[in-house]
Amino acid sequence: MRSREVTALLRKEFRELAGARAMLFVAAAIGPLVAHAYQTAVAAFAEASGAGGGAAALSQGLSPLDGIVAPTFGAYATAATLLFPFVAIRIVSAEKESGAHALALQAAPNAGVIVGIKFLALLGAWLLLWLPGLAALAFWHHAGGHLAAPETLGVLLGHLLRGALVSALGMACAAVTESGASAAVLALAVTIGGWALDFAATVQGGWVAEVARFTPDAALRTFERGEIDANIVAVTVLAVMMLLAVSSLWLDPARPRAVRRRRLALLAMMMLVGGPAAGRLRHSWDVSEDRRNSFDASDVRALGAITEPLHIEVHLGAADPRLADLERDVFRKLRRTVPRVSITYAAQTSTGLFEGAGRGYGEVWYELGGARVMSRSSVPAIVLETIYALAHITPPPPVAVAYPGYPARLNVPAWQLVFLLALWPLCVGGLYVVPRRITSS
Amino acid sequence: MQLDVLSLSRRFGAVQALRDVSFRATAGEIVGLIGPNGAGKSTLLACVAGLDAPDAGIVRIDGAEASAIARRHALFYLPDGIAPWADQSAAWVLDYAAALFGAREAWRDALAPALGLVPFASQRVGALSKGQRKRVLLALALLVPRAVTLIDEPFDGLDPRQARALSELLRERSAAGRTFVLSIHAMGEATRTCDRHVLLHDGRVLADGTLPALLQRAALPDDGGLEEVFLALT
């Protein structure tokens, strides 16, 4: 690859992005969005810590991951869903419509290089947009608030992947449609489709729930609870690569339609094969400081020693809160701990309210080494007791809770709000206007 | 560099835009693709440049068949009616093109005075008039160091003085060995600028040759023009 063309294209993309009104609007809007999210989060955290004079919550329940990091960066989830796709669409459709793409194609090694460079520029822009969010976290830390690096970085990784996915999606939508407006409609349709899938998963369960684990919102929630799941990272990266490949395919006008159709079919096949394969990756990392995604270390050791397959059959509907408790407190941790675990969701209805009593609704069957036992409990200690009994393992003694919690009765000073609400948008506006004045003078 | 276009065909749905089109351009030659609107001139240039996929036919460069990507890097094609990088200044666009394509000449030296770019070089491309934008893009095309340059409607939007200056500039560059293939619907400009003419009508080549050869083929007197040839052959 020739570095002269790549350098020129990359510099041009950054310049175009910096001067684009769509980017200016997103950059200016992100300050107030973060300001609102940060102020609300700090106030709620202070209240829970007893700032109002009432009783404070148990300190073990006061985690800055839930209380500060995730909600403050929640502003970026809004931006990624509703604003940034349009920046990504513009970077492709403006050049397609103006004829600039036809000129660039005659210098770049191929359309894929142009797509890659645009994608890199978008990722760079996405990271620059993080400045207000990172400033808010720095304010919190400076004021004495606690931050744990692994779980904070985990949330940032989630937002980085979200930005990459949104960028690739916006570019692909712009590549396959004739105009920016059509691309915007297509991108919104995909976003709404993701929401619909999330909703369907909560009432339907089964394969829909399995697929819905990888929607942008659901994937981000995994990072926000302090877990880095290899399958979510792999599926997201695969989706990004597929979307970029689609963009490259459509942005090369010299490819005959039949070739495009064949390659698109090939990409779809790769996604159909690679997606489920990536989705079956089992490794995950619990980066939360309170280790909420893991059993106690002694339980992890004991469960890890179970070599026989553990099969669980759940007769609970997808919308049943007991299943939600089991998923959060037991099944998710078991999947991370027991080497061979499989779970079958056997309920016939979503809530169980209208399911026949004779079908054993509410039962959870655990099967290990040919023995089978039923429990109706969703309490982790009781479920573990059941599994230990099946595996003929003596339950390890419980470990004392090590997480202290970090109550903090802090306020957001006015100067921090002024920075996020006014100074940041003013800086962005200045960066947009001043170079243009200099250029045109 | 010699460019051979052999039997190119291109269909858009029910419309056959190009039918078995062939022509040749040799080093230092200015070839005019002459035809009315809808004759297939722009489609032909895009196919030759590797920016559209013909349904049939091949393009050879110096005798060897060239793929679409090879053509994109050997030729340069300036489409008509484009307004690239509209938010940037004309000077920035030309500096960027020079960096991107590795231009060996500085556009401010010869091209800017010849095409009259100096008064509006610092203005945004999006704020330029049609003729000003055209001149910026013509400078861009001439800046790109490729042996063969394809330009769609180079005289469109230019006033007579500017058209004459461009014609002289193209003649000057072709004398230095550069080949131009120009799509033109204005017969007067074509006569003044081009060495040879390829007459296109309904996606077919009607005739190909110098003006005297075309006059002879159409059985017209020697003092006739390209317009009479075209009318006689269609």
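Two residues are in contact here if their C-beta atoms, placed from the backbone, lie within 7 Å. Keep that in mind as you look through these views of a predicted model.

**View 1. Where chain B meets chain A.** Chain B brings 25 residues to this contact, and chain A brings 21 residues. On the chain B side, three elements each supply at least two residues: α2 (68–74), β6 (75–78) and α3 (90–101). Of the elements in chain B, α3(B) gives the most to this side, with 5 residues. Sorted by class, the side of chain B that touches chain A has 17 nonpolar, 5 polar and 3 charged residues.

**View 2. Chain A as a whole.** Look for 17 helices and 6 strands in chain A. Its C-alpha atoms fill a box of roughly 80 × 60 × 40 Å along the principal axes. Chain A has 441 residues, and 40% of them count as buried. Take the contacts in chain A between residues at least 6 apart in sequence: 79% of these join residues at least 24 apart.

**View 3. Helices α2 and α7 of chain A, packed together.** Helix α2 (residues 21–48) of chain A packs with helix α7 (residues 131–142) of chain A at an angle of about 30°, and their axes are 9 Å apart. Angles under 35 degrees count as roughly parallel, so α2(A) and α7(A) are roughly parallel to each other. The crossing of α2(A) past α7(A) is right-handed.

**View 4. The residues joining α2(A) and α7(A).**

Methods: Residues are numbered from 1 along each chain as its sequence is written. Chains are lettered from A and ligands numbered from 1 in the order in which they are written. This is a predicted model: local features need pLDDT of at least 70, side-chain atom pairs count only at pLDDT 80 or more; totals for chains, interfaces and linings use all residues. Helices (H or I, at least four residues) and strands (E, at least two) are DSSP runs, numbered from the N terminus. A residue is buried if 20 or more other C-beta atoms lie within 10 Å of its own, exposed if 12 or fewer, and partly exposed in between; C-beta atoms are placed from the backbone. Axes are lines fitted to C-alpha atoms, for helices over the stretch in contact, and angles run from 0 to 180 degrees between N-to-C directions. Angles under 35 degrees count as roughly parallel, over 145 as roughly antiparallel, 65 to 115 as roughly perpendicular and the rest as oblique. A crossing is left-handed if the near helix is turned anticlockwise from the far one by less than a right angle, and right-handed if clockwise. Ala, Val, Leu, Ile, Met, Phe, Trp, Tyr, Cys and Pro count as nonpolar, Asp, Glu, Lys and Arg as charged, and the others, Gly among them, as polar.
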